[in-house]
Amino acid sequence: MASTSIVLPAVATAAAAGTARRHPVSSHRSRSRFVLTTRLRRARPLVAVSAAASPAPASASSLDALIFDCDGVILESEHLHRQAYNDAFAHFGVRCQPDAADPLYWGEAFYDELQNQIGGGKPKMRWYFGENGWPSSKIFETPPSTDADKEKLVDIIQDWKTERYKEIIKSGTVEPRPGVLRLMDEVKGAGIKLAVCSAATKSSVIMCLENLIGLERFNGLDCFLAGDDVKQKKPDPSIYVTAAKKLGVETKNCLVVEDSVIGLLAAKGAGMSCIITYTPSTANQDFKGAIATYPDLSNVRLEDLKLLLQEYLVTG
């Protein structure tokens, strides 16, 4: 495939206004390049502040709901999704250039940047094919030219990829991230509402949650929403606005646990506070606007989060 220079939408600019820069990142075998529009800087391992040292007044608004993202928060999944996409591209013989010797392959560095800029699998493929040319494949011998055929191609690849991803999760080799299960149990035990909101395909998220947090915790969720449940993907705030309505709580009394700038923007856009538990692929992002940033949840307790939210609502 001929090397190209492409530019992703500047999704994260709202979180890092005025600090734009450009640099290319290469895909291992597709040789595609795209240019970041946002300067990313390393997140600090532990932000949060001495909330306990200056507790908010008792009259401050309370934590009424804790909302988890799934991919990157409940489990580190970026490399698993990438594997499933590449397996799908190979299975269907997806080639954006007719003379390409090998099927499309998204390299690690490329996928890290792509998934941190564009939420949802179908939007990722639509953007990529729009920039690099719609591919030939076993689905369509010649590249699709109509909108209907393009959507059919994306739908078929995404459905196969989702089933492959489920197989990987069911293999038993994937564990929840540190501290997730304990914190969920603390929240339910305290009578605070618990939700999961993911941009991923619903059947995929359900399977992940059933396998990673267990059926009892999954069935005990007060709200569960996936990408299928809203028209717009993160960073659009729709999924969190919808969650607040279903939970029957005010957005300002919700706290979201995210791992990326895309999720942070979605939470902030809904009027919710957000903490970050970053992963290796998101650690260099600028999490300005998060009320705390952690490498994982192993040392984070419910009381810490209640105090953080109270202090933030009082001091802004």
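Begin by selecting Ser198, which is buried because its relative accessible area is 1%, a value below the cut-off of 20%. The model on display is a predicted one. Ser198 belongs to the loop that joins strand 5 (193-197) to helix 6 (202-212).

Next, display the residues around this serine. Neighbours within four places in sequence aside, Ser198 makes contact with Asp69, Cys70, Asp71, Val205, Leu225, Ala226, Gly227, Lys234 and Ile239.

**The whole protein**

Now zoom out and colour the chain by secondary structure. The protein has ten helices and nine strands. Of its 316 residues, 53% count as buried. Consider also the contacts between residues at least 6 apart in sequence: 72% of these join residues at least 24 apart.

**Helix 6**

Return to helix 6 and select Ile206, which lies in this helix. Is Ile206 buried, partly exposed or exposed? Its relative accessibility is 26%, so Ile206 counts as partly exposed, since that class lies between the limits of 20% and 50%.

**Helix 2**

Select residues 108-115, which form helix 2. This helix is mostly covered, with six of its eight residues buried. Which residues of helix 2 are buried? They are Phe110, Tyr111, Asp112, Glu113, Leu114 and Gln115.

**Helix 3 and helix 4**

Continue to helix 3 (residues 121-132) and show helix 4 (residues 147-170) together with it. The two helices pack at an angle of about 130°, and their axes are 10 Å apart. Helix 3 is therefore oblique to helix 4. The crossing of helix 3 with helix 4 is right-handed.

To see where they meet, show side chains on both helices. Helix 3 contributes Gly121, Lys122, Met125, Arg126 and Phe129, while helix 4 contributes Glu151, Leu153, Val154, Asp155, Ile157 and Gln158. The residues of this contact comprise five nonpolar, two polar and four charged.

Remain on helix 3 and select Pro123, which is located there. Pro123 counts as partly exposed because its relative accessibility is 21%, and the cut-off for buried is under 20%. Leaving out neighbours within four places in sequence, Pro123 is in contact with Ile118 and Lys233. Pro123 and Lys233 are 110 residues apart in sequence, yet their C-alpha atoms are 8.6 Å apart in space.

**The cysteines**

For the last stop, select Cys96 and Cys274. Cys96 is classed as buried because its relative accessibility is 8%. Cys274 is likewise buried, as its relative accessibility is 0%. How many disulfides does a search of the whole structure find? The search finds zero.

Methods:
Residues are numbered from 1 along each chain as its sequence is written. This is a predicted model: local features need pLDDT of at least 70, side-chain atom pairs count only at pLDDT 80 or more; totals for chains, interfaces and linings use all residues. Side-chain values use heavy atoms; hydrogens and water are left out. Helices (H or I, at least four residues) and strands (E, at least two) are DSSP runs, numbered from the N terminus. Buried means under 20% relative accessible area, exposed over 50%, partly exposed in between (1.4 Å probe, protein chains only). Contact means heavy atoms within 4.5 Å. A disulfide is a pair of cysteine sulfur atoms within 2.5 Å. Axes are lines fitted to C-alpha atoms, for helices over the stretch in contact, and angles run from 0 to 180 degrees between N-to-C directions. Angles under 35 degrees count as roughly parallel, over 145 as roughly antiparallel, 65 to 115 as roughly perpendicular and the rest as oblique. A crossing is left-handed if the near helix is turned anticlockwise from the far one by less than a right angle, and right-handed if clockwise. Ala, Val, Leu, Ile, Met, Phe, Trp, Tyr, Cys and Pro count as nonpolar, Asp, Glu, Lys and Arg as charged, and the others, Gly among them, as polar.
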